[in-house]
Amino acid sequence: MARLRPVDFEDRLTLVEHLDELRTRIVISIASFTVAFALCFWQNSRLLDIANAPLPGNRTPITFGVAEPFTTTVTISAYAALVIALPVILYQAYAFVLPALTDREKRVIVPFLMGVPLLFIAGVLFGYFVVLPAATKFLLNFNDNQFNIQIRARDYYGFFTLTLGVMGLIFQMPIGILAITRLGIISPEQLGQNRRYAYLILAVLAMLLPGTDPITMLIELVPLLLLFEGSLLLARMFGRPPEGAAERDITVSEPPPSGAA
């Protein structure tokens with residue numbers, strides 16, 4: 001019988017039962033995306049209004065192909081559906097790997113899993129309300145007296161989704177820094193001592209982000225620096241490896257004394 005609840009660590013499942021559970025989780029994920037896509041496609045005019053809002057001067061993108069209005073609407077609806085269904089998909093992935101985790105590992109990992117969608121949404125909101133309006137205003141008014149500037153729907157919506165997606169991923173920085181410090185790959189003190197190199201890397205990253213203009217770069221660099229400093233503070237508070245982990249590793253790796261039976 002298909003399982004909907006997470007499997008306990010003590011449960012012992014056969015290979016067939018694991019495959020059956022995996023199939024159930026995939027079906028639930030696909031079904032949640034399908035329902036979200038149907039809802040988004042039904043309300044596609046509202047989605048397009050939301051996507052067009054950052055454009056200055058109440059501009060409306062134009063299309064050149066016969067099928068472009070339909071394909072563009074489908075694409076926007078699919079991206080929105082993925083965001084809506086993301087919590088369900090993440091939960092299904094978590095529930096599938098749950099049996100491999102001990103109670104101690106669950107206490108460590110669960111806060112990380114809860115933080116991923118929240119930080120992603122925060123990044124998307126920051127990109128929508130701060131980055132996109134500044135980027136579109138600067139780019140669409142740059143040398144506007146030398147060009148007949150028109151906005152193609154496919155290009156703009158690609159820029160729109162890429163910017164929001166990248167900002168959502170960038171806001172995962174606290175999760176990444178906490179993970180590498182909890183694993184003992186690098187200590188919070190080492191991160192703090194090499195802060196200037198981190199700033200340089202973040203500046204280069206801001207240059208590579210969507211926008212390509214200095215205004216957008218500065219707007220994107222500020223939250224990167226704040227995220228790094230906030231992540232460093234969290235790492236100093238919660239990001240140290242569990243006490244006794246190093247001692248257990250040393251004990252396991254020590255060779256037995258010579259002459260031992």
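**Figure 1. A salt bridge between Arg152 and Glu68.** In this predicted model, Arg152 and Glu68 form a salt bridge whose closest N and O atoms are 3.2 Å apart. Arg152 sits in the loop between helix 4 (103-141) and helix 5 (153-170), while Glu68 belongs to helix 3, so the pair ties together parts that are 84 residues apart in sequence. The two partners have their own accessibility values: Arg152 is partly exposed, with a relative accessible area of 25%, whereas Glu68 is buried at 7%.

Figure 2. Glu229 is partly exposed, with a relative accessible area of 27%. Arg195 counts as partly exposed too, at 25% relative accessibility.

Figure 3. Arg23 and Asp20 bring their side chains together in a salt bridge, at 2.5 Å from N to O. Both residues lie in helix 1, three residues apart, which is about one turn of the helix. Arg23 counts as exposed, at 52% relative accessibility, but Asp20 is buried, with a relative accessible area of 18%. With this view in place, the count of salt bridges comes to three.

Figure 4. A search of the whole structure finds ten aromatic pairs. One of them joins Phe37 and Phe41, with 6.0 Å centre to centre and 25° between the planes. The pair is classed as stacked because planes under 30 degrees apart count that way. Both residues lie in helix 1 (residues 15-42), four residues apart, or about one turn of the helix. Phe37 counts as partly exposed at 23% relative accessibility, and Phe41 is partly exposed as well, with a relative accessible area of 31%.

**Figure 5. Phe41 and Phe70, an edge-to-face pair.** Phe41 also pairs with Phe70: the ring centres are 6.4 Å apart and the planes meet at 75°, so the arrangement is edge-to-face. This pair links distant parts of the chain, with Phe41 in helix 1 and Phe70 in helix 3 (residues 68-97), 29 residues apart. Phe70 is exposed, with a relative accessible area of 53%, whereas Phe41 is partly exposed at 31%.

**Figure 6. An aromatic cluster of Tyr and Phe residues.** Which residues form one aromatic cluster? They are Tyr128, Phe129, Tyr156, Tyr157 and Phe160. To find them in the structure above, select these five names together.

**Figure 7. Asn143, a residue with a positive phi.** Most residues other than glycine have a negative phi. Asn143 is not a glycine, yet its phi is positive, at about 55°. This residue lies in the loop between helix 4 and helix 5. Asn143 counts as partly exposed, at 37% relative accessibility.

Notes
Residues are numbered from 1 along each chain as its sequence is written. This is a predicted model: local features need pLDDT of at least 70, side-chain atom pairs count only at pLDDT 80 or more; totals for chains, interfaces and linings use all residues. Side-chain values use heavy atoms; hydrogens and water are left out. Rings of Phe, Tyr and Trp (its six-membered ring) pair if their centres lie within 6.5 Å; planes under 30 degrees apart count as stacked, over 60 as edge-to-face and the rest as tilted. Helices (H or I, at least four residues) and strands (E, at least two) are DSSP runs, numbered from the N terminus. Buried means under 20% relative accessible area, exposed over 50%, partly exposed in between (1.4 Å probe, protein chains only). A salt bridge is a side-chain nitrogen of Lys or Arg within 4 Å of a carboxyl oxygen of Asp or Glu.
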